[in-house]
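This report describes how the chains of the structure shown below are arranged and how they meet. It then turns to one helix packing and to some local backbone features.

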Number of protein chains: 4
Amino acid sequence: MCGVFGIFGHPEAANMAYLGLHALQHRGQEAAGIVSSDGEKLFAHRAMGLVQAGFTPRDLAGLPGDRAIGHVRYSTAGGSHIKNAQPFAVDYARGSIALAHNGNLTNYESLRDRLEARGSIFQSTSDTEVIVHLIAMSTHMAVEDRIADALNQVEGAFSVLFLTERELVAARDPHGFRPLCLGKLTHGGGVAHVVASEPTSFELIGAEYVRDIAPGEVLIIGADGPRSVFPFPEHKPKPCIFEYVYFARPDSALGGASVYEVRKALGERLAKEEPIAGSRDDTVVIPVPDSGVPAAVGFARASGLPFEMGLIRSHYVGRTFIEPQQSIRHFGVRLKLSPNRAVIEGKRVVIVDDSIVRGTTSRKIVKMLRDAGAREVHVRISSPPTRWPCYYGINTPTRDELIAATSSIEETRDYLLCDSLGYLSLEGLASSVAQIRTPGKLPVVKDAVNSHCHACFSGDYAVPVSTRKSPSQRPRLVSAG
Amino acid sequence: MCGVFGIFGHPEAANMAYLGLHALQHRGQEAAGIVSSDGEKLFAHRAMGLVQAGFTPRDLAGLPGDRAIGHVRYSTAGGSHIKNAQPFAVDYARGSIALAHNGNLTNYESLRDRLEARGSIFQSTSDTEVIVHLIAMSTHMAVEDRIADALNQVEGAFSVLFLTERELVAARDPHGFRPLCLGKLTHGGGVAHVVASEPTSFELIGAEYVRDIAPGEVLIIGADGPRSVFPFPEHKPKPCIFEYVYFARPDSALGGASVYEVRKALGERLAKEEPIAGSRDDTVVIPVPDSGVPAAVGFARASGLPFEMGLIRSHYVGRTFIEPQQSIRHFGVRLKLSPNRAVIEGKRVVIVDDSIVRGTTSRKIVKMLRDAGAREVHVRISSPPTRWPCYYGINTPTRDELIAATSSIEETRDYLLCDSLGYLSLEGLASSVAQIRTPGKLPVVKDAVNSHCHACFSGDYAVPVSTRKSPSQRPRLVSAG
Amino acid sequence: MCGVFGIFGHPEAANMAYLGLHALQHRGQEAAGIVSSDGEKLFAHRAMGLVQAGFTPRDLAGLPGDRAIGHVRYSTAGGSHIKNAQPFAVDYARGSIALAHNGNLTNYESLRDRLEARGSIFQSTSDTEVIVHLIAMSTHMAVEDRIADALNQVEGAFSVLFLTERELVAARDPHGFRPLCLGKLTHGGGVAHVVASEPTSFELIGAEYVRDIAPGEVLIIGADGPRSVFPFPEHKPKPCIFEYVYFARPDSALGGASVYEVRKALGERLAKEEPIAGSRDDTVVIPVPDSGVPAAVGFARASGLPFEMGLIRSHYVGRTFIEPQQSIRHFGVRLKLSPNRAVIEGKRVVIVDDSIVRGTTSRKIVKMLRDAGAREVHVRISSPPTRWPCYYGINTPTRDELIAATSSIEETRDYLLCDSLGYLSLEGLASSVAQIRTPGKLPVVKDAVNSHCHACFSGDYAVPVSTRKSPSQRPRLVSAG
Amino acid sequence: MCGVFGIFGHPEAANMAYLGLHALQHRGQEAAGIVSSDGEKLFAHRAMGLVQAGFTPRDLAGLPGDRAIGHVRYSTAGGSHIKNAQPFAVDYARGSIALAHNGNLTNYESLRDRLEARGSIFQSTSDTEVIVHLIAMSTHMAVEDRIADALNQVEGAFSVLFLTERELVAARDPHGFRPLCLGKLTHGGGVAHVVASEPTSFELIGAEYVRDIAPGEVLIIGADGPRSVFPFPEHKPKPCIFEYVYFARPDSALGGASVYEVRKALGERLAKEEPIAGSRDDTVVIPVPDSGVPAAVGFARASGLPFEMGLIRSHYVGRTFIEPQQSIRHFGVRLKLSPNRAVIEGKRVVIVDDSIVRGTTSRKIVKMLRDAGAREVHVRISSPPTRWPCYYGINTPTRDELIAATSSIEETRDYLLCDSLGYLSLEGLASSVAQIRTPGKLPVVKDAVNSHCHACFSGDYAVPVSTRKSPSQRPRLVSAG
């Protein structure tokens with residue numbers, strides 16, 4: 001997963017991008033970058049790690065101009081290296097161009113093979129780079145036509161921003177897998193247009209949400225303001241339902257629906273689908289913080305059980321940690337979460353989380369709760385079992401690593417060492433989303449399910465996926481510095 | 001505020017200290033350090049910033065031995081410089097000694113004057129250094145006698161750990177202002193003894209809480225295990241009540257009482273002392289995360305109002321942030337907290353926080369909530385007005401910066417721009433603590449109030465305080481590198 | 001100017017390259033890099049600055065395999081940025097390839113225009129990159145044919161090394177502008193073949209000089225040992241005569257001739273062409289260290305005057321130096337050279353240097369010598385006036401900055417503030433080189449002059465030069481990090 | 001060995017110190033530091049490594065005021081750690097004081113024992129720190145009296161600069177072991193007084209040499225200009241003769257005598273004492289650069305043999321170098337020196353160096369010359385055999401590591417693998433110095449010998465030396481960061 005941010009028409013464009021990226025930091029912590037333009041040149045700075053760590057005042061001062069795009073990268077395809085950091089920026093025959101991409105191209109390998117056979121040389125191992133080569137080779141003259149030409153050749157998921165000397169272009173693939181929204185920011189010198197993965201980044205800079213970019217829309221923002229074209233064949237929209245479950249920030253709204261309210265509704269629905277049996281006097285509902293909090297609030301409310309912060313999250317956990325040689329029980333999870341013994345000891349604990357991937361962390365949490373004195377541990381998950389990998393931009397492991405793909409629910413319960421395990425149904429998930437998106441209207445369950453991508457739960461992929469590796473077994477070049 | 005950690009008898013002593021300090025990181029983020037010993041030499045490493053950032057595997061490998069003490073520093077007296085980082089470690093005539101101090105010495109200036117007049121040269125501007133000089137000059141032979149001799153000359157608050165080649169010594173001042181507790185860790189090779197500011201650091205390394213170190217106790221841990229002496233004149237214990245309100249981690253227990261349960265009780269009591277009048281249908285209780293969460297849970301429960309996460313806390317806020325030149329409304333607070341519009345818009349919002357210092361942040365939060373559509377904003381504080389500076393180790397500002405010292409509650413409400421403002425009473429605070437410390441027993445309010453230090457609320461200082469600056473107007477030497 | 005080094009068949013290939021580059025450090029201090037191969041992958045490390053500073057033991061350990069090429073870069077075309085550091089290494093359709101280039105391509109701009117129009121995207125602003133694109137687009141199958149195909153399209157100066165997974169290829173342009181030589185190194189496991197800009201780098205690793213790579217030769221070193229092809233149209237060899245005057249290390253031999261002996265011969269010849277008139281009792285010959293030392297030894301010997309170290313060179317001058325605001329006389333030169341008053345005061349000083357470019361340094365030296373008490377200062381230069389820029393790989397300034405291009409010798413003498421100024425003639429220079437190259441044989445002056453490139457003295461360019469800038473005014477992209 | 005520099009009365013005092021230290025860089029490369037004062041406070045910056053690397057423009061800007069002292073450190077007693085870097089600066093009861101010391105205190109251990117027993121705590125393991133403690137404990141009021149009091153208690157060698165808020169004090173021990181000289185610098189705002197280890201540092205900043213500070217002199221420079229006192233018992237001056245042989249820069253003058261001229265005279269005398277027998281037609285004189293150059297010039301001139309640069313010194317050798325696993329012959333010396341085969345091959349080579357310490361380098365040089373084709377190798381050393389360690393500030397190894405202390409000259413010749421070996425006599429050395437110090441006057445050999453310290457050659461120590469280690473076996477504290 002990644003996050004993108006763009007702004008056009010603001011005297012401190014790079015600084016706004018820096019703040020906008022900070023508000024999207026949850027979408028990617030591996031690398032961050034900004035490319036700005038003063039209308040004549042493009043200026044780029046990229047760094048590994050968090051936005052805040054990667055940019056000094058001097059770096060920002062080196063990014064002049066009233067337009068900029070930025071990117072935060074979550075390690076997906078291509079490996080962790082500064083050369084894969086985005087925005088990707090190059091000079092080519094028609095000028096300079098930069099792009100920031102959230103998504104994943106499913107036909108990357110075959111496109112790269114075709115381009116290399118023609119003599120193209122790739123600088124990165126990121127799928128994003130094929131878009132640049134396709135633009136450079138396009139026979140169209142106008143940049144927007146070259147972009148449309150290039151994007152019509154790629155398949156998969158893309159919410160992508162382009163910056164040239166003159167224009168900022170935002171494009172969302174015809175299925176609209178990944179979010180992208182438009183806002184505006186009134187400032188002393190006029191109105192700036194902003195685009196971002198989530199509206200939460202508008203909030204920080206004082207901008208106002210206008211609307212979502214539509215699936216299949218290409219929005220060109222130039223000196224005359226924004227205008228839209230729709231150069232792709234039409235498809236049924238399939239926005240990712242997992243953004244509601246986990247990825248987006250709770251204070252975001254996607255497709256007009258509050259992510260926080262959706263999550264609470266998931267918890268409420270889950271309490272009905274998978275209630276806790278038996279005595280309730282000594283039962284507590286505990287979220288896995290922070291992502292499980294809204295669902296736990298909903299679950300507690302719907303079930304009439306007390307909500308307690310039974311796991312305390314450390315604010316100080318970074319990427320690397322020196323482990324002792326002598327092993328410590330549940331070490332990995334303990335660094336991040338610590339049991340609040342006072343509310344656990346002697347209790348029946350209902351632990352609410354958004355999803356289970358490999359199951360290893362959940363298992364450690366259950367054991368840690370038991371060690372802290374929990375009498376029973378009941379696990380409740382506010383989404384269906386995650387059984388399929390995502391090929392549209394979320395970095396899920398392969399099927400054989402997904403516990404729900406290889407084990408039954410009963411086997412999973414055994415592995416997690418919990419007393420009971422309950423998942424939300426796909427229908428329950430989709431209906432809850434629909435109910436918040438169109439409040440007061442009773443959702444038709446089938447329509448609700450069909451109007452999102454839920455491949456990670458159902459294996460129902462809207463765009464065919466090839467997992468073939470290229471015969472050349474790239475990359476062969478190992479570069480450092 | 002600072003945190004200390006010590007361990008004796010573990011083959012990976014420095015690594016355990018590193019983990020223990022990580023679990024105490026909330027007590028100080030300015031600097032961190034560890035001194036270990038192999039029984040012959042002392043080995044020291046100190047660094048500015050967080051524990052995790054300041055120690056590489058190589059640094060830890062340079063700290064051999066089965067005993068170690070560590071320190072995390074919150075910038076208090078002395079200024080931010082590596083030379084003030086702790087543990088403070090020196091060679092003197094009798095060997096090497098290191099110490100890690102949580103607290104503040106009220107007679108530092110006069111002691112330093114006296115020592116300098118005698119020819120002593122100070123390396124730091126930290127009050128902790130006088131203890132070292134007093135030990136070096138003591139005429140006693142045994143280290144523990146030298147320590148007792150030195151500590152009998154200082155006044156104020158100290159929970160302090162000493163490490164020599166042979167012993168780990170833990171001392172708590174006779175009033176017991178700052179917490180200090182003892183634990184043990186059974187490992188392959190035997191039993192290690194651990195001491196720390198809070199038991200939460202025992203949890204991470206799998207150690208078990210044994211008891212609090214008593215006010216006035218000096219505990220000497222050597223090859224024969226721990227033994228205690230009480231070398232100070234007796235005083236009535238005055239543990240800091242603010243640790244319960246804000247400073248300690250919620251999963252800690254101090255004096256045997258769960259901090260989380262105390263905070264919930266404060267919220268419940270606050271709901272009774274300062275209830276919200278008027279219609280309740282559109283009223284929500286919102287914590288200022290994370291410190292306000294337990295009290296908000298208690299408040300919501302006692303008042304029957306819904307608890308909602310109306311402010312989303314960013315996990316990615318570090319120390320420095322590049323601000324734009326063009327000002328952004330509520331910028332400072334927005335970086336850290338962002339309003340969750342879906343639960344705020346059109347609502348009466350009760351915002352629960354632990355304390356108000358200057359009032360500037362609270363004011364920004366109120367304004368941000370109103371901007372996000374709150375119809376009314378009611379501020380509830382789970383402690384009394386903070387009217388006096390702390391001279392016993394917490395870094396509070398001077399009286400003229402404390403809004404509660406300079407303004408009436410009504411004036412404060414005007415400044416905060418909120419519809420109502422309510423604080424918990426000192427009696428309510430003390431009774432709530434007492435009720436959790438001795439459950440099932442009805443607390444005598446006067447006794448409850450008297451059994452803690454509450455000088456920050458009452459101005460009632462247990463140890464006299466001199467704020468006189470030394471005539472020599474130290475420091476004159478400005479050193480970098 | 002730059003230096004290149006390659007080795008094939010040594011178990012510590014990267015370490016040998018590191019040492020070889022150290023011995024070529026005088027040819028470029030801006031950046032250094034090594035690419036190695038284990039026969040399957042290429043491994044790259046490049047860094048700004050000196051070889052020694054840019055490579056840690058860990059960096060070298062990351063460069064496995066028995067073959068490697070390396071490069072030290074002197075800032076020439078393209079600007080100072082890590083992306084212009086070499087070896088340049090890429091993946092393309094046929095595998096991976098790296099190259100290290102000493103020289104300058106005179107038709108770079110038109111080649112780049114042509115390639116970009118076709119859709120190629122450039123990663124750097126270095127002329128070297130066009131060679132890679134031409135190889136990637138070649139329709140030949142064998143790497144050596146693709147290389148020959150590419151090199152037949154470029155014009156100018158190139159001594160270039162290529163590394164693929166299987167072969168090391170060394171190519172020298174048909175004029176042989178820049179040096180390139182072959183050696184071999186017998187080690188425990190067999191014989192390694194080495195190529196380098198100068199044989200001095202063989203000395204350090206214990207390798208033995210075999211022969212110079214011939215102008216127009218392409219040497220392919222694979223598992224079966226080296227073999228040569230000559231794929232270019234034949235041209236009269238024109239090795240750079242300035243390598244003898246200044247660039248090469250004195251302990252090198254180029255074209256079989258000792259550089260040190262050539263320089264001494266230049267000094268001897270100079271003493272005859274431009275003798276010092278007047279009393280000789282109080283006259284001393286002083287070199288500008290270190291490059292002027294051999295010529296000064298020759299001059300002193302031929303003229304019977306004492307040789308003295310009248311200027312002491314500091315070993316500690318790096319790239320940047322903080323200047324005081326209040327100006328210091330001759331500051332820039334004084335940091336590097338300091339006058340040895342004892343041998344200057346009251347003397348007639350003959351100062352011997354290899355060349356004068358802008359004249360500013362020489363002027364400062366003359367003034368500094370006079371300040372130190374020199375009665376007269378006579379400047380003698382062991383080469384002709386430098387009147388033309390070099391387009392074949394040496395970074396000379398434009399004509400209007402060359403003092404000899406804009407001023408007569410008399411005007412130059414006035415500017416330098418010296419009592420007399422004498423240059424060596426082109427005939428004298430060429431004859432001296434010839435006399436060392438073929439000792440015992442009386443050189444034919446005209447042949448001697450014709451058998452080298454001396455364009456910087458004569459303006460006689462062997463390959464036509466276009467100084468046209470591309471219409472696209474590259475680069476537009478400014479990238480940092 | 002170390003170097004010191006001080007300046008009083010210059011608006012850019014710290015910048016001048018920075019330049020002065022650069023010119024003294026040959027006296028110490030381990031660490032550098034500057035302390036400045038604006039008359040009210042002292043400002044300090046110290047860093048490991050070279051002056052140029054350790055000071056940024058921002059560091060210098062942090063050193064305001066019109067007076068400063070600086071230090072370059074050569075690793076001697078105390079070990080390599082920033083805490084041992086100088087100037088040493090502290091606050092004490094009477095204000096702040098900094099000091100920069102060149103020399104070595106022979107009674108350091110017993111003084112430290114005495115001070116620690118009294119309760120003093122040491123910050124460093126450098127002998128310099130005892131001076132500070134003695135000053136802090138002095139019962140005198142005036143700083144100069146406290147300094148005199150302290151210095152009267154130490155024994156050994158000290159050329160030391162002190163800086164307080166008001167005064168710069170320069171002191172040289174009564175024997176004057178280490179050099180110290182006075183200069184002045186006229187600038188826009190008046191006259192600044194400068195003191196330095198060698199006058200060469202005056203040259204760089206445009207200052208003028210005034211005189212040497214006399215042995216036993218304490219010079220106080222304050223607002224009213226400099227004034228001298230002589231607070232020590234009188235001793236016969238014993239300036240170090242090895243400064244002439246090796247340590248000082250050739251363009252310096254010590255005791256009024258040009259170091260370069262002394263070294264040439266040593267070479268001339270050596271040619272007479274230890275001539276080269278046999279045929280002279282194919283014999284060359286080669287210096288070990290750079291320190292052997294002046295003596296080789298003198299030797300060549302006196303013997304009528306040609307002077308040639310037969311060893312080329314690399315300008316790029318730093319402290320650390322990654323060695324290959326497979327050993328390379330003479331690797332260590334080859335990195336720094338490379339043989340110039342053209343002048344060596346087939347020749348009888350006379351190699352001139354200033355001294356032999358362990359003999360390992362000389363042996364490698366001889367072998368390298370033979371490998372490069374030398375027919376015979378004759379070693380000539382321009383000083384007597386180094387047989388005794390220096391206890392007065394030069395970092396010589398212990399006796400058992402000095403080849404001349406453990407082997408006869410014949411055994412040394414065998415070890416070095418050379419055809420002949422000749423040292424200069426102590427009488428020859430002393431007479432040559434005397435002849436340059438007082439030209440035109442025939443020196444009395446005995447007086448010449450007696451008027452310098454030559455303990456490293458003769459074992460004749462002017463101040464008794466205790467090599468006893470303190471019973472406490474300091475240091476026990478190992479600190480990093």
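## Basis of the comparison

Copies are superposed by least squares on the C-alpha atoms of residues with pLDDT of at least 70 in both. The model is predicted.

## Chains A and B

Chain A can be laid on chain B by a turn of 180° and a shift of 0.0 Å along the axis, with an RMSD of 0.0 Å. Of the residues of chain A, His315(A) comes closest to this rotation axis, its C-alpha lying at 3.4 Å. The copies meet through the same surface, because 100% of the interface residues of chain A are also interface residues in chain B.

The contact draws 64 residues from chain A and 64 residues from chain B. Between them the two chains bury about 5100 Å², with 56% of that area on carbon and sulfur atoms. On the side of chain A, the residues that lose the most area to chain B are Glu203(A), Tyr316(A) and Ile322(A), which together account for 14% of what that side buries.

## Chains C and D

Chain D is superposed on chain C by a rotation of 180° with 0.0 Å of shift along its axis, at an RMSD of 0.0 Å. This is the relation of a two-fold axis. Within chain D, the C-alpha nearest the axis belongs to His315(D), 3.4 Å from it. The same surface serves both copies, as 100% of the contact residues of chain D recur in chain C.

In this pair, 64 residues of chain D are in contact with 64 residues of chain C. The area buried between chain D and chain C is about 5100 Å², and carbon and sulfur atoms give 55% of it. Glu203(D), Tyr316(D) and Ile322(D) are the residues of chain D that lose the most area to chain C, together 15% of what that side buries.

## Chain pairs without contact

Chain B and chain C do not touch, and their nearest C-alpha atoms are 15 Å apart. Likewise, no contact joins chain A and chain D, whose closest C-alpha atoms also lie 15 Å apart.

## A helix packing in chain C

Two packed helices are described by the angle between their axes and the distance between the axes. In chain C, the axes of helix 9 (residues 259-273) and helix 10 (residues 293-303) come within 7 Å and cross at roughly 40°. Helix 9 of chain C is therefore oblique to helix 10 of chain C. The crossing of helix 9 of chain C past helix 10 of chain C is right-handed.

From helix 9 of chain C, the contact residues include Tyr260(C), Arg263(C), Lys264(C) and Leu270(C). Helix 10 of chain C contributes, among them, Pro294(C), Val297(C), Phe299(C) and Arg301(C). The residues of this contact between helix 9 of chain C and helix 10 of chain C divide into eight nonpolar, three polar and four charged.

## Local backbone features

A cis peptide bond joins Gln86(A) and Pro87(A), with omega of about -5°. Pro87(A) is found in the loop between strand 4 (67-73) and strand 5 (88-92) of chain A. In chain C, the peptide bond from Gln86(C) to Pro87(C) is cis, and its omega is near 0°. Pro87(C) lies in the loop between strand 4 (67-73) and strand 5 (88-92) of chain C.

In chain B, Leu417(B) is not a glycine, yet has a positive phi of about 65°. Leu417(B) sits in the loop between helix 15 (409-416) and strand 21 (420-423) of chain B.

Methods: Residues numbered from 1 in each chain as written. Chains lettered and ligands numbered in written order. Predicted model: local features only at pLDDT ≥ 70, side-chain atom pairs only at ≥ 80, totals over all residues. Heavy atoms only, no water. Contact = heavy atoms within 4.5 Å. Axes fitted to C-alpha atoms, helices over the stretch in contact; angles between N-to-C directions. Helix = DSSP H or I, 4+ residues; strand = E, 2+ residues; numbered from the N terminus. Parallel < 35°, antiparallel > 145°, perpendicular 65-115°, else oblique. Left-handed = near helix turned anticlockwise from the far one by under 90°. Nonpolar A, V, L, I, M, F, W, Y, C, P; charged D, E, K, R; others polar. Buried area = accessible area lost by both parts, 1.4 Å probe.
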